[in-house]
Amino acid sequence: MREVRLHDTLSGTVRPLETRTPGKVGIYFCGPTVYGPIHVGNARPFVVFSLLKRFLVHEGYEVTLVSNVTDVNDKIYAAAAAAGTASQELARTMTARYVADTDRLDLGRPDHEPLASEAVEDMIDLISTLIESGHAYAVDGDVYFYVSSYAAYGELSHRRLEDLDQGESGDAASRKRDPVDFALWKARKAGEDTHWESPWGSGRPGWHIECSAMAERLLGAGFEVHGGGSDLVFPHHENEAAQTRAARGQPLTRLWMHNGMVRLDSEKMSKSVGNTFLLHQALDTYGRDALLVYFCSGHYRQPIEFDHQSLVAARTSVKRIRELARRLQAGNSPAWSGPLHKEFFDALAEDFNTARALASVFEWVRLANRSEDPVGDSDLREMLGVLGLGNLLDGGAQPAPPPRALQLLDQRDHARAERDWALADRLRDELGELGWEIRDGPDGSSLVSL
RNA sequence: GGCGACGUGGGAGAGCGGCUAUCCAGCGGCCUGCAAAGCCGUUUACACCGGUUCGAGUCCGGUCGUCGCCUCCA
């Protein structure tokens, strides 16, 4: 188990991963609001934190990964109304699609995927505690967090209250003590078809409180890593941090990790801008393997451009690994593999640098291709496995070509022996149509399935 | 306007103050009837201007540019 270091947004530094209990890590990352199918940008945290878990498990940690689904939200009400369905119905449908789409990434599921709508009791408890301790106040059925009561507000996002644009609008503004106060509970409004009873009347929870409540229930306050997209740092995570620490007297998490945005045309991919590429489309177009390589090809904190060329490049790299798999054999890897294997895991241990790790993978591929001797796959299998790409080495064992293909190959061998290149090339084309590619080598020709 | 991040070879993208990143594409070569696959070589990059240093993409300051957050947002 090597020392794992990760970038922490709060301190702005790369810090060692600290655990409450040796060997145990709890990770929570913010999942989507389910009012539509998710896009590639939404998928990035799912990939990053799923892979981080795999890596930590590889290092010997016992990891509990939690990711919420926000199924109560203004946008869901609006989208459901527009579609003429019940908001809960829409949320259910879109949650199922989210699960189906991310399942296609084949990275497993988080250990827990709590729904906001099923955690309202926990949220009410937390809100009550905040009111009792003077950190929140109720007004006309709403409850707001009283930001002024919490001195550390702004520490996560590194901004001062006076630096915020406070051009607050809407009817909530008049009920707040201060424009920066944010809603913990919202009184039921006309047109909202879901609501819960609370000490402050019928209503529904605000957004930020769900994560504080669900993370605490499933991981306990002070858990190891809280993650999400960098666009959530403020206000979402700032507010989460404030709520939990104000209520519990201890920090929500020990380390805040944020992934960079996926861009399309140099601009953040987002539903509101409308420049989205849906995850299921990306999976259809480029395939799951290429998409993973694409995500791993840049550091998780950097923005990454979603463009055709990058995805095609990723797909070509995948082919390169698959191509190598044909000539590997099961068993221990040669001596030259050792340093690369180490480099790979060291790179992941230093702020989860998948780009650098991938470089070791391709270095490995080159050395293996260069090797005259048979090459055992064990190290590469272990490396790729952590990136969720172990499958690239399966299917290395070729299916036997059908008799028809073998017959054509035989005919081509004859044609070549007679130097009838035109016929030989025609037979090669025919084989191509059957899905077989010819590889002429010193030991004769062989067939490879396309 | 405030806060922050980033600007690397044709494209993408790592990079610890001194050592080949890597991937995709191009070109040349090896292999080969031609291909494919693979290997070797190759275009000697770090926005600009100063500074620190024996030595700076790599540290400091400034300029320009791009992006993110400041409102829902992965």
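The model is predicted, so local features need pLDDT of at least 70 and side-chain atom pairs count only at pLDDT 80 or more, while totals for chains, interfaces and linings use all residues. Residues are numbered from 1 along each chain as its sequence is written, chains are lettered from A in the order in which they are written, and side-chain values use heavy atoms, without hydrogens and water.

Student: How many residues surround RNA strand B?

Tutor: A residue is near the strand if one of its heavy atoms lies within 4 Å of it. Trp 207, Gly 229 and Lys 268 are among the closest. The number of residues surrounding RNA strand B is 60.

Student: Which helix gives the most to the surface near RNA strand B?

Tutor: Helices are DSSP runs (H or I, at least four residues), numbered from the N terminus. The helix in question covers residues 354-370 and gives 8 residues. It is helix α12.

Student: Which residue forms a salt bridge with Asp 351?

Tutor: A salt bridge is a side-chain nitrogen of Lys or Arg within 4 Å of a carboxyl oxygen of Asp or Glu. Here the closest N and O atoms are 2.8 Å apart, and the partner of Asp 351 is Arg 301.

Student: Is Asp 351 buried or exposed?

Tutor: Buried means under 20% relative accessible area, exposed over 50%, and partly exposed in between (1.4 Å probe, protein chains only). Asp 351 has a relative accessible area of 4%. Therefore Asp 351 is buried.

Terms used:
Helix = DSSP H or I, 4+ residues; strand = E, 2+ residues; numbered from the N terminus.
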